[in-house]
Each structure stands twice: as structure tokens, then as C-alpha cells.
Amino acid sequence: MKRHGSWIWAGVAMAAPAHSAVTGSSDIGFAVENSVDVAADAATVYRLLGQPARWWNGEHSYSGDAANLSLDPVAGGCFCEKVPGKDGQAGSVEHGRVIHAAPGRQLRLSGALGPLQAEAVTGTLTFDIAPAGKGVRVEMSYVVGGYMRVGAAKIAPLVDKVLAEQLQGLKRAAEAERP
């Protein structure tokens with residue numbers, strides 16, 4: 001739900017993932033973990049991580065349109081968004097920067113997502129992909145530390161819900177590609 005160039009993390013409707021939890025919270029940060037089983041191979045899931053326009057909910061973007069999102073899954077690559085301007089002056093947002101890319105196994109980004117960009121925090125978002133059953137299990141963790149005016153304990157459950165929704169979007173996109 002986009003409001004005036006920032007994300008609102010409340011009221012997220014979603015299907016429950018296999019696991020979603022705030023795993024730690026203190027005055028200076030929090031950690032959330034989500035996981036989901038995906039009926040697809042690791043290569044498909046990893047490739048789709050580099051195509052957030054196909055699985056990220058545009059309501060949780062600055063432009064309101066997931067088609068404006070991109071992610072280059074190589075070290076130094078940008079998880080970025082183009083923000084069209086009403087006056088022809090386009091803007092942009094860097095949501096994160098890739099700090100570790102292991103195709104088919106792991107993608108790690110550094111960045112403060114959504115409203116956390118306005119705070120003095122840093123975050124590490126990790127996607128781990130491992131064989132499970134007839135597909136893969138994707139485990140996503142987001143660890144955030146620093147000063148937050150709103151308080152880590154207050155925002156952590158909202159961040160968890162938004163990220164769990166994105167992981168469900170990744171699952172849907174990957175499973176839609178099955179022959």
C-alpha cells in the first residue's frame with residue numbers, strides 16, 4: 001500500500017508460508033525468517049530472484065508498480081526501482097545491493113527496505129535455496145540493526161508480513177513455470 005513515496009507495512013493480506021517469524025528483536029534491531037517449499041528447481045527460483053517484477057507485490061514499492069523493479073543478481077548488482085515522474089523527471093530507488101551471489105544456492109543483499117530507508121539502519125536480506133522433496137525450500141532471512149525512531153519491536157512483525165508476502169509471490173511465479 002503505497003502512501004506518499006513510502007511503504008505502509010500494515011494490513012497485509014497473504015497466504016501463510018511454511019514458516020514466518022520474528023526470530024529476534026531488541027532496541028537496536030530485529031531478525032525475521034520466512035521459508036516456503038517450492039515445486040520448482042533451484043535454477044528457476046534463482047533466475048526469478050533476478051526478476052522481482054514477476055513476484056514482488058507492487059503495492060510495496062515506491063512507484064506502486066512491480067514492473068519498475070529490477071535486480072541484477074551479481075555482486076554489486078542493484079535491487080532498484082524506476083519511479084516515473086509526473087513532470088517527466090524520473091526518479092529511482094536503490095532497495096538493496098547484492099553482496100553475495102551463488103547461483104542456484106544463495107542470494108544476499110544489503111539494504112534498508114521500504115520505510116527503513118529513512119532510519120539509521122542497515123539490513124541484510126538472504127535467500128537460501130536448498131533441495132527439498134520434489135523441489136526446493138527457500139529460506140529468507142532479514143536482519144536489521146541500527147537506530148529506528150519507530151522502534152524495532154513495533155516494526156518487526158510488519159516487515160515479517162510484507163516479506164512473507166513477497167516469498168509467496170516468488171513461490172507462485174516459480175510454480176507457474178512448471179511444464
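Of the 179 residues in the protein, 45% are buried. The model is a predicted one. Its secondary structure consists of two helices and 10 strands, which follow one another along the sequence in the pattern β-β-β-β-α-β-β-β-β-β-β-α. Among contacts between residues at least 6 apart in sequence, 55% join residues at least 24 apart.

The largest nonpolar core contains 40 residues. Within this core, F30, V45, L116, V138, Y142 and L163 touch the most other members. At least two core residues come from each of β4, α1, β5 (69-71), β8 (106-110), β9 (120-132), β10 (135-147) and α2. The greatest contribution is that of α2, which gives nine residues. In soluble globular proteins, nonpolar side chains tend to be buried together. V138 is one of the core residues that touch the most other members. With neighbours within four places in sequence left aside, V138 is in contact with N34, S35, V36, V38, V45, F127, D128, L167 and L170.

The two helices were examined as a pair. Helix α1 spans residues 42-49 and helix α2 spans residues 152-176. Their axes lie 10 Å apart, and the helices pack at an angle of about 125°. An angle counts as roughly perpendicular from 65 to 115 degrees and as roughly antiparallel over 145, and α1 and α2 are therefore oblique to each other. The crossing of α1 and α2 is right-handed. On the α1 side the contact is made by T44, V45, L48 and L49, which meet L170, A173 and A174 in α2. By class, six of the residues in this contact are nonpolar and one is polar, with no charged residues.

S20 is found in strand β3. Its relative accessible area is 31%, so S20 is partly exposed. S20 and D160 are 140 residues apart in sequence, yet their C-alpha atoms are 7.0 Å apart in space. Not counting residues up to four places away in sequence, S20 touches E33, N34, D160 and A164. D27 lies in the loop between β3 (19-26) and β4 (29-38). The relative accessible area of D27 is 74%; because this is over 50%, D27 is exposed. A152 is included in the range of helix α2, residues 152-176.

A further loop, between β6 (78-83) and β7 (91-102), holds P84. The relative accessibility of P84 is 57%, and P84 therefore counts as exposed. Apart from neighbours within four places in sequence, P84 is in contact with S63 and N68. P84 and N68 are 16 residues apart along the chain, and their C-alpha atoms are separated by 8.7 Å.

Technical notes:
Residues numbered from 1 in each chain as written. Predicted model: local features only at pLDDT ≥ 70, side-chain atom pairs only at ≥ 80, totals over all residues. Heavy atoms only, no water. Helix = DSSP H or I, 4+ residues; strand = E, 2+ residues; numbered from the N terminus. Buried < 20%, exposed > 50% of the residue type's maximum accessible area, 1.4 Å probe, protein only. Axes fitted to C-alpha atoms, helices over the stretch in contact; angles between N-to-C directions. Parallel < 35°, antiparallel > 145°, perpendicular 65-115°, else oblique. Left-handed = near helix turned anticlockwise from the far one by under 90°. Contact = heavy atoms within 4.5 Å. Nonpolar A, V, L, I, M, F, W, Y, C, P; charged D, E, K, R; others polar. Core = buried A, V, L, I, M, F, W, Y, C linked by side-chain atoms within 4.5 Å.
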